[in-house]
Amino acid sequence: MGLLDKVPSSNLYKKAESSALFKRVPLSICLGLSVAIILDTGVQIFWKMAVDSTANESVFGTFLHPLFWLVVALFLLQLANWLKVLENADLSYSQPITSLSYISVGVLSALILHEHISIPQILGITLVLAGVWFISRTDPNTVSSVTGIDPSPITGGGLK
Amino acid sequence: MINQLFAIFLVACSTTIEAFGQICFKKKSTRTVDGDLGSNMWLAGGIGCMIVEAVVWNCVLHKLNVSIAYPMGSLSFVMVLLLSKLLLKEKIQRERWIGVVLILCGTILLGLNSTGPNT
C-alpha cells in the first residue's frame, strides 16, 4: 500500500518513460535532425547526379558542374543546421540518427530509376530503423553542460 | 584488384577524416563556462576536414559504385562513436552501440543489390 508513496515521483516518471515505445525527444533536436536528414538526402542525390553527368571528365570536372554548386549551397545550409543541433545534443546521438538518410536516398533513387525495392533492401531499412530506435532510447545529451541546464533531468545520466 | 583495394583504402581515409571533422564541429558548438560557443578555429578545422573528405570521396565515387561506397562510408558511425567517447567524453550507453551495429548491418544490406559493380 504505502510502497507507492515512498517512490519519488521522478522515478515514476522514469518508469513511464522507459515503458513507452518512443522516448520523448525535445522538439528543437527533433526538428534539427529532420532538417539534417532532408538536406543530407539532397546532397547525396545531387552529388551523385553531378558525378554521373561528368563521368567522362576528370575528377575535377565534377567541381565545375552547376549541380555541384547546388550541392555546395545545400551543404552550407546543412552545416549551419548541424552546428545548431550539436549545441543541444551529443555527437554520438545525433550523427547515427542521420543514417535515416540512407533510407530516404535508397527509396528516392528507386523511385527515380523506377526500380523495385528488393527483400534485402527492406531488411536493411528495417535494421537501420531499429538501430535509430535504439539510439533514440538514450539521453540526447550525456555531457553535463555548463549553461546551467541539467542535460538529462529524467535519468540523471548526464551527471558524472 | 589493386584499384579496388586502393578505393577501399580511400574509403577508410574518408571515414576517419569525417569523424575528426565531426569532432571539430561538436567542439565548435559546445559552450564554454562563459556561455560562449567554441572557437572559430574548430569550425575552420571541421570545414577543412570536409573539403579534404570531399576530394577523397569524389575519387571513391569515380572508382566504386555508390551502392558499394555509400554503405562502406557508414563505418564513419563507428569512428564517430569511438572518437566521441575518447575526445568528447560522451557516455556511450549500450543502446548506442547496439544501434550503430544495427545501422551498419542495415546499410550493408541496402547497398547489396541495385546495379552491379562499376567498372
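How many residues of chain B are in contact with chain A? In this predicted model, the count is 38 residues of chain B, and they meet 37 residues of chain A.

**The chain B side of the interface**
- Four helices of chain B each supply at least two residues to the side that touches chain A: helix 1 (2–29), helix 2 (40–63), helix 4 (76–87) and helix 5 (94–112).
- Helix 5 of chain B gives the largest share of that side, with 13 residues.
- Sorted by class, the side of chain B that touches chain A holds 18 nonpolar, 12 polar and eight charged residues.

**Helix 4 of chain A**
- This helix covers residues 66–88, which is 23 residues.
- From first C-alpha to last, helix 4 of chain A reaches 34 Å, close to the expected 33 Å.
- Its buried residues are A:Phe68, A:Val71, A:Leu74, A:Trp82, A:Val85, A:Leu86 and A:Glu87.
- The cover over these buried residues includes helix 3 (27–53) and helix 5 (91–97) of chain A, along with helix 1 of chain B.

**A:Ser94**
- You will find A:Ser94 in helix 5 of chain A.
- A:Ser94 counts as buried because 23 other C-beta atoms lie within 10 Å, and the cut-off for buried is 20 or more.
- Beyond its neighbours within four places in sequence, A:Ser94 is in contact with A:Leu33, A:Val85, A:Leu86 and A:Ala89; A:Val85 and A:Leu86 are among the buried residues of helix 4 of chain A.
- A:Ala73 sits 21 residues from A:Ser94 along the chain, and their C-alpha atoms are separated by 22 Å.

How values were computed: Residues are numbered from 1 along each chain as its sequence is written. Chains are lettered from A and ligands numbered from 1 in the order in which they are written. This is a predicted model: local features need pLDDT of at least 70, side-chain atom pairs count only at pLDDT 80 or more; totals for chains, interfaces and linings use all residues. Two residues are in contact if their C-beta atoms, placed from the backbone, lie within 7 Å. Ala, Val, Leu, Ile, Met, Phe, Trp, Tyr, Cys and Pro count as nonpolar, Asp, Glu, Lys and Arg as charged, and the others, Gly among them, as polar. The expected span of a helix is 1.5 Å times one less than its number of residues. A residue is buried if 20 or more other C-beta atoms lie within 10 Å of its own, exposed if 12 or fewer, and partly exposed in between; C-beta atoms are placed from the backbone.
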